[in-house]
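Please keep the sequence and the coordinates in view while reading.

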Amino acid sequence: MNDAKIRLYVEHPLGQGQSVVLSREQAHYLFGVMRLSVGAAVLLFNGSDGEWRAEVVEAGKRSGVLTCVTKTRDVHLPPDLWLMFAPIKKARTDFIVEKAAEMGARRIVPVQTEFTNAGRVQRDRLQAHAVEAAEQCGGTFVPEVAEMQRLDRALATLGERRLLFCDEAMVGAGAGDTPALRDNPGPWAILIGPEGGFSERERARLHGLDQAHAVSLGPRILRADTAAVAALTLWQMALGDWT
Ligand code: SAH
């Protein structure tokens, strides 16, 4: 039975007969905004226990309890792909996070590069966008949004992870060298620069990294938000879970 229209991410274990106590905001959303009442069904997921059809057993203005009834889907983890990007204007940064969650990134890492001119990034707000995107797109996993890190530090966290370095200086070179990607399964990170692009120093550093695989995204310079979606598509087609 799939009478449940609303999907909700909860930070709570899910399992047969499990009661889930809602937060104030979730109760307000379900009972105040969406007008659900006792007996209504909702789909719950928490990023690890799959998706569950749950029923409302208590509905208050600021509180509520659901009970898990049946498992509707197993958890599907996205491939081990991080999206590292230099934050841009607020709405475009929100877009990047939303799209990364929809496209199947495992982790989202805002990075501060030399030409990044976005102010402080509100991690919690971006995380909330990732949650909303997962709820909306039928995902059973929410990528973690990391705190903003300086590029050097972010690169130091890569370990053996390979890096798909989207280098605007390669504009016009043959795009999407996907066979080279296919030869290297395993963890990857995509790196997208800011509106101002990468500095020469950063570019030299990135090209010098053994694990970096520099790519062109075609014959036109894309805005960073477009570039993020294009790179995620390219990688997903070669190594991801689209097949
Ligand atoms: N101001 C820069 C462009 C920055 S575009 C210039 O005019 O050169 C923002 C980011 O998107 C870039 O840093 C890069 O990571 C990515 N990007 C955009 N177009 C690209 C392309 N054709 N090839 C590779 N990366 C691209």
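**The ligand site and its surroundings**

Around the ligand stand 20 residues, and Cys166, Glu168, Glu195, Leu217 and Leu222 come nearest; a residue is near a molecule if one of its heavy atoms lies within 4 Å of it. The model is predicted, with local features requiring pLDDT of at least 70 and side-chain atom pairs counted only at pLDDT 80 or more, while totals for chains, interfaces and linings use all residues. Residues are numbered from 1 along each chain as its sequence is written, and side-chain values use heavy atoms, with hydrogens and water left out.

By class, the shell around the ligand comprises 11 nonpolar, five polar and four charged residues. In this classification Ala, Val, Leu, Ile, Met, Phe, Trp, Tyr, Cys and Pro are nonpolar, Asp, Glu, Lys and Arg are charged, and the others, Gly among them, are polar. A polar backbone atom of Cys166 is 2.6 Å from an oxygen atom of the ligand, and a backbone N or O atom of Gly193 lies 3.0 Å from an oxygen atom of the ligand. At Leu222, a polar backbone atom is 2.8 Å from a nitrogen atom of the ligand. The ligand taken alone exposes 550 Å², of which the protein buries 84%; accessible areas come from the Shrake-Rupley method with a 1.4 Å probe, and for residues only the protein chains shown count as cover.

The view now widens to the whole chain. The protein contains seven helices and 12 strands, where helices (H or I, at least four residues) and strands (E, at least two) are DSSP runs numbered from the N terminus. Its C-alpha trace spans about 60 × 35 × 30 Å along the principal axes. Of its 243 residues, 51% count as buried, a term that means under 20% relative accessible area, with exposed being over 50% and partly exposed in between (1.4 Å probe, protein chains only). Among contacts (heavy atoms within 4.5 Å) between residues at least 6 apart in sequence, 75% join residues at least 24 apart.

What makes up the largest nonpolar core? This core has 35 residues, and those with the most contacts inside it are Leu83, Phe85, Val97, Val142, Ile190, Ile192 and Leu232. A nonpolar core is a set of buried Ala, Val, Leu, Ile, Met, Phe, Trp, Tyr and Cys residues joined through side-chain atoms within 4.5 Å. At least two core residues come from each of strand S6 (81-85), helix H2 (90-103), helix H3 (123-137), strand S10 (162-166), strand S11 (188-192) and helix H7 (224-239). H7 gives the most, with seven residues. Apart from this core lies another, of 18 residues, among them Leu30, Val42, Ala54 and Leu66.

Ala133 lies in helix H3 and counts as buried because its relative accessible area is 4%. Leaving aside residues up to four places away in sequence, Ala133 touches Glu98, Ala101 and Glu102. The C-alpha atoms of Ala133 and Ala101 are separated by 6.1 Å, although the two residues are 32 apart along the chain. With the same exclusion of residues up to four places away, Val142 touches Tyr9, Phe45, Gln127, Ala130, Val131 and Ala134. Phe45, in strand S3 (residues 41-45), is buried because its relative accessibility is 0%.

Gln26, in helix H1 (residues 24-33), is buried because its relative accessibility is 17%. Its side chain reaches the backbone oxygen of Tyr9 at 3.1 Å and the backbone nitrogen of Ser23 at 3.0 Å. Asn46 sits in the loop between S3 and strand S4 (51-59) and is buried because its relative accessibility is 12%. A polar atom of the Asn46 side chain lies 2.8 Å from the backbone oxygen of His12, and the side chain also reaches the backbone nitrogen of Asp49 at 2.8 Å.

Arg35 is found in the loop between H1 and S3 and counts as exposed because its relative accessible area is 65%. Its phi is near 60 degrees, a positive value in a residue other than glycine. Most residues other than glycine have a negative phi.

Conventions: Polar contact = N/O pair within 3.5 Å; in protein donor to acceptor, adjacent residues only side chain to side chain.
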